[in-house]
Amino acid sequence: MSAKPRAHDPRRLDVAAFAAQGGELEGHWPLAGFERLLDDRPVRIDAGRPPDDSTASGAPGPTSDVTWRARGERRAVAVGAPQLWLHLEADAVVQRRCQRCLQPVELALQVRRALRFVDGEALAAELDADSDDDVLALERALDLHALVEDELLLALPMVPRHEHCAAPAAGTAPADTDAAAPHPFAALARWPRGTDP
């Protein structure tokens with residue numbers, strides 16, 4: 001009688017065991033639970049009127065989901081121990097302020113990543129610098145929710161804009177692109193991965 005496959009908790013994922021088993025996980029998480037991703041909420045600006053939180057068009061509400069899928073792989077190599085890989089997919093729609101017309105713009109974010117895990121931060125940094133692979137230090141309890149949020153933050157465009165839109169109406173001050181649209185790395189720096197969303 002064959003043993004049942006081990007159950008894996010996406011909030012405390014044993015990456016080595018997950019990869020060895022060739023495990024697969026998928027699901028939906030409410031967008032409202034991704035606090036860092038919703039950190040820069042857009043505010044609707046009307047000509048001649050100051051920004052008003054009552055007209056804010058913030059990120060989609062709790063009914064909006066981040067869809068995700070993860071697959072583990074233990075990959076044999078010619079020399080040395082097998083490599084541990086995590087294949088990650090995620091999709092979400094978020095809102096930011098368009099830096100041309102200053103109105104909310106919906107952004108469809110898509111993540112398709114293959115991440116290699118190795119023992120220790122030093123080895124991960126060395127391999128990450130010397131190869132095209134994305135290499136992370138192996139964790140016994142990886143928070144997949146936090147990792148998905150990290151990757152979605154990195155998928156944000158530097159300057160959010162509609163594909164086609166008009167310039168701001170007369171009397172509305174243009175946004176300072178550098179101040180209004182911080183690079184996703186800045187958001188990651190403010191919120192450590194270990195922080196629970």
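Which residues have the most contacts inside the largest nonpolar core? The views below get there step by step. This is a predicted model, where local features need pLDDT of at least 70, side-chain atom pairs count only at pLDDT 80 or more, and totals for chains, interfaces and linings use all residues. Residues are numbered from 1 along each chain as its sequence is written, and side-chain values use heavy atoms, with hydrogens and water left out.

View 1. Five strands line up in the order 1-2-3-4-5, with mixed pairing. Strands here are DSSP runs of E with at least two residues, helices are runs of H or I with at least four, and both are numbered from the N terminus. Two strands pair if DSSP finds at least two bridges between them. Strand 1 (24-30) and strand 5 (134-137) each have a single partner strand, so one side of each is left without a neighbour in the sheet.

**View 2. Strands 1, 2 and 3 side by side.** Seven bridges pair strand 1 with strand 2 in the antiparallel sense, and here Glu24 sits opposite Arg71 of strand 2. Strand 2 (residues 65-75) also runs antiparallel to strand 3 (residues 83-97), joined by nine bridges. Look for Arg74 facing Leu84 in strand 3.

**View 3. The two faces of strand 1.** In a regular strand the side chains alternate between the two faces of the sheet. In strand 1, Leu25, Gly27 and Trp29 point to one face and are buried; buried means under 20% relative accessible area, exposed over 50%, and partly exposed in between (1.4 Å probe, protein chains only).

**View 4. Inside the core.** Here's the answer to the opening question: Leu37, Trp68, Leu86, Leu142, Leu144, Val148 and Leu152 have the most contacts inside the largest nonpolar core, which has 34 residues. Such a core is a set of buried Ala, Val, Leu, Ile, Met, Phe, Trp, Tyr and Cys residues joined through side-chain atoms within 4.5 Å. Val148 touches Trp29, Phe34, Val66, Trp68, Leu88 and Ala90, leaving out residues up to four places away in sequence; contact means heavy atoms within 4.5 Å.

**View 5. A buried arginine.** Arg116 belongs to strand 4. Arg116 is buried but has no salt bridge, and the nearest side chain of opposite charge, Asp133, is 4.3 Å away. A salt bridge needs a side-chain nitrogen of Lys or Arg within 4 Å of a carboxyl oxygen of Asp or Glu.

Technical notes: Lys and Arg count as positive and Asp and Glu as negative; His and the chain ends are not counted.
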